[in-house]
Amino acid sequence: MATPVMEKTAAKDSAPSPYITVTFRIRRFNPEVSDEAQWQDFQIEIDPKERVLDGLHKIKWDVDGSLTFRRSCAHGICGSDAMRINGKNRLACKTLIKDINPEKPITVEAIKGLTVLKDLVVDMDPFFQAYRDVMPFLVTTGNEPTRERLQSAEDRERFDDTTKCILCAACTSSCPVFWNDGQYFGPAAIVNAHRFIFDSRDEAGEQRLEILNDKDGVWRCRTTFNCTDACPRGIEVTKAIQEVKRALITRRF
Amino acid sequence: MKIHKYDTVIVGAGGAGMRAAIEATKRSRTAVLTKLYPTRSHTGAAQGGMAAALANVEEDNWEWHTFDTVKGGDYLVDQDAAEILAKEAIDAVLDLEKMGLPFNRTPNGTIDQRRFGGHSRNHGEAPVRRSCYAADRTGHMILQTLYQNCVKEGVEFFNEFYVLDQLITEVDGVKKSAGVVAYELATGEIHIFRAKAVIYASGGTGKFFKVTSNAHTLTGDGQAACYRRGLPLEDMEFFQFHPTGIWRMGILLTEGARGEGGILRNKDGERFMEKYAPVMKDLASRDVVSRSIYTEIREGRGCGPEGDHVFLDLTHLPPEQLDAKLPDITEFARTYLGIEPYTDPIPIQPTAHYAMGGIPTNVQGEVLADNTTVVPGLYAAGEVACVSVHGANRLGTNSLLDINVFGRRSGIAAAEYAAKHDFVELPENPETLVVEQVERLRAATGTERVAELRRELQETMDANVMVFRTEQTIKTAVEKIAELRARYKNVSVQDKGKRFNTDLLEAIELGNLLDLAEVMAVSALARKESRGGHYREDYPNRDDVNFMRHTMAYREVGADGSETIRLDYKPVVQTRYQPMERKY
């Protein structure tokens, strides 16, 4: 006998089918076909406990192979599948159908503020460029210790929240300032600067603060909290930005 | 078609690829090709930790770590390589800390360590705290830290470039690496990368199973590219099934949950691992725990209406401990199952997790063309490779270690090779194989669908070559895979475009999975013994007389174009440890 396979349909004859019919309303764009983007509806059968990503896969795999989106890990760690679902930025793999009112059409479109290249795929290069511009790496001087650098549990905790970032761009592409002016560093870059500014081992906090003191830096933030709402990792993004602003005023961090 | 020239080309930007890139970039002109963006790689999904005998919280040493690795791998481990792994672990962790990795800390500020499966004090006496960790996000922190350091070093990345072929040129009777052929997702353009040295670090192949912790993108592309060019694949029958995947979904729940005190329970609430592993209990090696879970299920002690899972119980642990040490996996339980781990046990089942086998290499990361001959200029590291430090079963926390130790080694070795050697001539029409493959798929009008073939493949793999195998089940899988390979010739894609054609790439990935599934099943059929992750119910014992050896699988093409798999075997390197019966 082989390994017991878990795929027996849960539904016994008497049990009702878990599947419901859901409409996905997807913003399609393919410049090889047309310069115009348009909405397209797909009706699929899906268990409400499944993810929006599962729904997109059902469409791609069984209905229309040309539907294009990025995804990899499918459980909220790799940051590939940030998209606008019912008007809010979320990860498709972390959003269950039952949690977004499947009785109405579920709208899915690319995140805003970055150029759409095809369907739900956007140009991520400006996003990663802003990240690279804030010196997102530990800077130290002097001789390296033989063993690890010491850090108290409290000092480690100080920047814990911002280490969780997966660079999915849900925050940056939810920010009205970023929509209006792509030159703004955006929340994700500031979060990653925060992660090092408040790391007791790092010695380049002043340099990063100067970078963010720029006209396209932290002062552009209007504290709308869209970024905090959008973060699939639960990072208090707006708070982190406020802490960077405060550090710029007090020069203490 | 574009032609690029680099000293060193690295295929893949997960932990192994980026650790290699940090070394190679300092020493040679280096390009990293990844089919994703670097921070999307599946290293980021690793949770529990990275093993190293730092002895920060209790007595430990690298020799105990070596022993545990050899024993964990059911003695199929090459012991010289395991010794390097365990010795260099200490610097590998310290290097990451110096690069900025935010490890959890002890009260005196050093790196904190916790227990993990199969890691023991003094050759099996009791569990030891050896895993260096950052909550249950250690892989995420490693991936981020390595990417940060790649930014710092100015590593040159080609994002969303799929490497589809390995170029090999025969020079004076010696097969040498000449470079790779890549497909650019954004444009559909074909690129030739000439390189003095190529490093494969493209990860695993878990997507041929259905219930798996692996990302959708783990389709064995590197293994397949080398295998199709006549290079062997080692020990492909050994695949790890992690005991604690989320029921039905396969999402990983770290062994660190049991390291923190979590307990596996059957439907009667019994802590069943006490029966199977009296000393290590829930922290026995993964193959042992996965078999125990399925034994409980088969004997009618599984949970739920179908009796098809068991529980991971964390309810006796303080909520503060769960929040501090296991924040991500508890959130997975809430998000995907609607379960509160503070108060309710989590339904789990084993999930296909890790390929112990892969492209054979020596301890410098050099790829082998047979049991002894190196392919000059070709390297591999991480899950794509088989050194072999994991033998028949990898210990938890040894994979994050493997990518750092052997990623670094291969990065240095490849760059040093590139400094001393010139470019190898490209073979004639180097792009042909890829162009034909891509054009054929784009033009195909066949009736077979990629998704349907992949579903059938995953179902047969789960049913027939998972935790328990027999001659009959493996033969069923071999026949099914042959049928799917035949049907694959009749596959077509709907997206005929050039721009971001992921439909096309999924078809190519399925071809890779089919090739590798066949190698796995054929290797498993020939291994008439049980060892580590390969358990044959018809041969339940380890057979050191006949099978203390690595499998080497070669693709052979007949004069009529027919393909067969030839199996050969390679001796295991044994140094200080004699095989013993494995008990936990």
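Biologist: Is A:Gln38 buried or exposed, and why?
Modeller: A:Gln38 is exposed because 9 other C-beta atoms lie within 10 Å, where exposed stands for 12 or fewer, buried for 20 or more and partly exposed for anything in between, with C-beta atoms placed from the backbone. Bear in mind that this is a predicted model, in which local features need pLDDT of at least 70, side-chain atom pairs count only at pLDDT 80 or more, and totals for chains, interfaces and linings use all residues. Residues are numbered from 1 along each chain as its sequence is written, while chains are lettered from A and ligands numbered from 1 in the order in which they are written.

Biologist: Which strand is A:Gln38 in?
Modeller: A:Gln38 lies in strand β2 (residues 38-46) of chain A, strands being DSSP runs of E with at least two residues and helices runs of H or I with at least four, numbered from the N terminus.

Biologist: Switching to chain B, what does β11(B) pair with?
Modeller: β11(B) pairs in the antiparallel sense with strand β14 (residues 346-355) of chain B over 6 bridges, pairing being called when DSSP finds at least two bridges. Within that pair, B:Phe241 stands opposite B:Ala352 in β14(B).
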